[in-house]
Structures are given as C-alpha cells and as structure tokens.
Amino acid sequence: QSLCVHLNYPLYIRSVPTQGELKFHYTVHTSLDVVEEKISGVGKALADQRELYLGLLYPTEDYKVYGYVTNSKVKFVIVVDSSNTSLRDNEIRSMFRKLHNSFTDVMCNPFYNPGDPIQSKAFDSIVSTMMVQAC
Amino acid sequence: MADDALFEFLHMEIVALVYKEQATREDIDKERVTCVSTLDAMGFRVGQGMIERFTKDCPTFKDDLDLMKFLCKDFWSTIFKKQIDNLRTNHQGTYVLQDNKFALLTQFSSGKQYLEEAPKYLAFSCGLIRGALSNLGLESVVTAEVSLMPSCKFQVVIQKL
C-alpha cells in the first residue's frame with residue numbers, strides 16, 4: 001500500500017511493503033495522467049462534479065488507485081492492494097480528509113516552504129496510523 | 001471583544017518595525033522598495049497558508065471569476081470581517097477589488113489626511129491576495145491605490161503563461 005502527495009513532482013511518498021517501492025512510484029506517476037484528465041474534464045461535465053474526491057482512478061490487476069485533488073492543485077494518491085477488499089469508499093474518503101487536514105497544517109507551519117518535500121513529523125505519524133489501520 | 005483590533009494593531013507594529021529596521025541602513029532610496037517587498041513577501045506566505053485552510057471544505061472552483069468571487073466574499077470576510085464592496089473585471093484577467101471601508105485604514109482618517117502613508121499599510125494585503133491566488137494556481141501582480149480613505153482599490157492582473 002502506498003500514499004503520495006503530489007504537485008506534479010512528489011512532495012511525499014510512503015509505502016508499507018518497502019520492497020516494491022519503485023513499482024509504486026511508477027503506478028503513482030501514471031495515475032497522475034488520469035487525475036489531470038479528470039480535473040480538466042470538470043469544466044465540460046456536470047456542474048455538481050466539483051467534489052475534491054476523485055474516486056477510483058483505475059483498477060489494475062494488482063492494485064486499486066484512488067485520487068483526490070485540493071483547490072490548491074495538490075494531488076493525493078492512495079494505492080491499495082486489490083486483495084484488500086475490506087476498504088470501503090467511505091473509509092477511503094475519510095483517509096483523504098485526514099490527509100488534507102494534516103496537509104493544511106503542514107502548509108500553515110512557518111518552517112515549511114511551499115514546494116519543499118514534506119518533513120513534518122506530525123504528518124508522518126498521521127500517515128503511519130492510517131496505513132496501519134488500513135492493512 | 002478586542003479580537004478584531006488585535007490583528008490591526010499587530011499589523012501597524014509590523015509595518016513600523018520593518019520601516020525602522022530599514023531606516024538604520026544608509027540607503028534612503030532603496031528603503032521604500034525594500035520595505036514594501038518585505039511586507040509583500042510576508043503577506044504572500046500568510047495568504048498561501050490561509051487559502052489552504054479556507055478552501056479545505058469547498059468544492060473546486062469553476063473558473064477564475066468564481067475564484068475571485070470567493071476571494072471577495074468568504075476570504076475577505078474571514079480576515080477583514082467584511083466583504084469586498086465592488087468587484088470589476090474586464091474578463092481578460094484584470095480585476096479591481098474595491099473596499100470602501102478597508103479595515104486596516106479606518107483608524108487613519110476618513111479623508112485625505114495621511115494619504116501618503118497609506119501605501120505602506122497596503123503592502124501586506126497585496127501580498128496576501130497574491131499568495132492566496134498563487135496557491136490556487138494563478139500567478140498575478142497585485143497593486144493597491146488609495147484616493148480617499150478608508151476606501152481603497154486592489155488591482156489584480158492575472159499573468160497568463
């Protein structure tokens with residue numbers, strides 16, 4: 001399982017089984033294209049399609065990829081094992097909410113420069129708790 | 001009860017401090033420019049952080065105009081306790097935000113007195129707007145003008161790449 005905070009270059013990447021990390025990087029990168037597609041499609045699609053949560057981006061054979069984009073164009077991507085069927089949509093949504101909340105806190109921290117890799121310990125611990133809960 | 005005044009007083013002290021620091025160095029000509037850009041940079045960073053917090057629960061903005069309206073209503077009311085009174089645009093990336101009773105200027109005068117001091121107190125707010133827009137994906141140039149206090153106009157020109 002992996003998680004990534006993006007601004008078209010990764011600000012933060014974390015995964016649980018650390019051996020497959022490169023594969024996760026690749027999956028996350030390709031999913032960015034889908035995110036872009038979804039965002040630019042918002043204009044011509046339905047007016048109520050303005051939620052921040054993007055839902056299931058696309059299912060590959062092994063993984064499910066979920067996306068979420070903030071108003072400040074920062075993208076969050078969560079990659080989950082397909083075998084983990086216990087995670088429901090609501091739970092993924094709440095995971096993204098928690099991520100967004102901690103990201104906002106990071107943003108407001110005077111020691112953080114927007115655009116830098118995220119080094120906040122508080123953010124780290126929120127992510128760890130979430131990943132432990134999900135696995 | 002005194003909450004509203006807190007930010008106003010702090011802001012006045014920040015401006016005074018920035019100018020005092022600069023006055024101890026020799027170069028008078030550069031003084032104004034450096035002070036204004038220091039205040040602008042402060043506002044920029046604050047604007048970025050604030051907009052992240054405020055747009056946390058909002059749906060995505062449809063277009064630039066929608067974004068500016070949000071800035072004029074919700075953003076401005078949360079920070080300055082009132083909305084922007086007038087928003088004008090040429091629909092080509094230039095917006096003029098007019099505030100007839102700008103919170104940071106009301107204590108000065110209600111006419112022409114102290115007019116030449118006003119720009120110092122607008123630099124931070126210009127930075128605030130610029131920072132907010134930058135975090136929302138729009139690079140802009142923000143300038144402010146005052147002709148009759150406490151009313152002032154902020155001009156925002158969106159830079160299209």
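In the predicted model, D105(A) forms a salt bridge with R53(B), the closest N and O atoms lying 2.9 Å apart, where a salt bridge is a side-chain nitrogen of Lys or Arg within 4 Å of a carboxyl oxygen of Asp or Glu. Because D105(A) belongs to helix α2 of chain A and R53(B) to helix α2 (residues 28–54) of chain B, the pair joins two chains; helices (H or I, at least four residues) and strands (E, at least two) are taken as DSSP runs and numbered from the N terminus. Both partners count as partly exposed, D105(A) at 43% relative accessibility and R53(B) at 36%, on a scale in which buried means under 20% relative accessible area, exposed over 50%, and partly exposed in between (1.4 Å probe, protein chains only).

Residues are numbered from 1 along each chain as its sequence is written, and chains are lettered from A and ligands numbered from 1 in the order in which they are written. Local features of this predicted model need pLDDT of at least 70 and side-chain atom pairs count only at pLDDT 80 or more, whereas totals for chains, interfaces and linings use all residues, and side-chain values use heavy atoms, with hydrogens and water left out.

The contact between the chains, defined by heavy atoms within 4.5 Å, takes 18 residues from chain A and 16 residues from chain B. The size of an interface is often given as the accessible area lost when the parts come together. For chain A and chain B the buried area (the accessible area, with a 1.4 Å probe, that two parts lose on being put together, summed over both) is about 1600 Å², of which 46% is on carbon and sulfur atoms. Across this interface the rule finds 1 salt bridge, that between R53(B) and D105(A). On the side of chain A that touches chain B, the residues divide into 6 nonpolar, 7 polar and 5 charged, with Ala, Val, Leu, Ile, Met, Phe, Trp, Tyr, Cys and Pro counted as nonpolar, Asp, Glu, Lys and Arg as charged, and the others, Gly among them, as polar.

Helix α2 of chain A, which carries D105(A), spans residues 89–108, has 20 residues and reaches 29 Å from its first C-alpha to its last. This length is close to the 28 Å expected at 1.5 Å a residue, the expected span being 1.5 Å times one less than the number of residues. The buried residues of α2(A) include I92(A), M95(A), F96(A), L99(A), F103(A) and V106(A), and H100(A), S102(A) and T104(A) are also among them.

Over all chains the structure holds 4 salt bridges. Within chain B, the side chains of R130(B) and D40(B) meet in a salt bridge at 2.6 Å, N to O; since R130(B) lies in helix α4 and D40(B) in helix α2 of chain B, the pair ties together parts that are 90 residues apart in sequence. R130(B) is partly exposed at 24% relative accessibility, while D40(B), at 15%, counts as buried. D99(B) forms a salt bridge with K82(B), with the closest N and O atoms 2.4 Å apart, and this pair links distant parts of the chain, D99(B) being in strand β2 and K82(B) in the loop between α3 and β1 of chain B, 17 residues apart. D99(B) is buried, with a relative accessible area of 0%, and K82(B) is partly exposed at 22%. Salt bridges that share partners join K82(B), D85(B) and D99(B) into one network.

R130(B) is also one of the contacts of S140(B) beyond four places in sequence, together with L133(B), V156(B), V157(B), I158(B) and Q159(B). S140(B) lies in strand β3 (residues 140–148) of chain B and counts as buried at 8% relative accessibility. F108(B), in the loop between β2 and α4 (118–135) of chain B, is likewise buried, with a relative accessible area of 17%. Leaving aside neighbours within four places in sequence, F108(B) is in contact with Y114(B), Y121(B) and M149(B), and the C-alpha atoms of F108(B) and M149(B), 41 residues apart along the chain, are separated by 7.8 Å.

K81(B) lies in the loop between α3 (64–80) and β1 (86–89) and is exposed, with a relative accessible area of 53%, whereas H91(B) lies in the loop between β1 and β2 (94–99) and is exposed at 64%.
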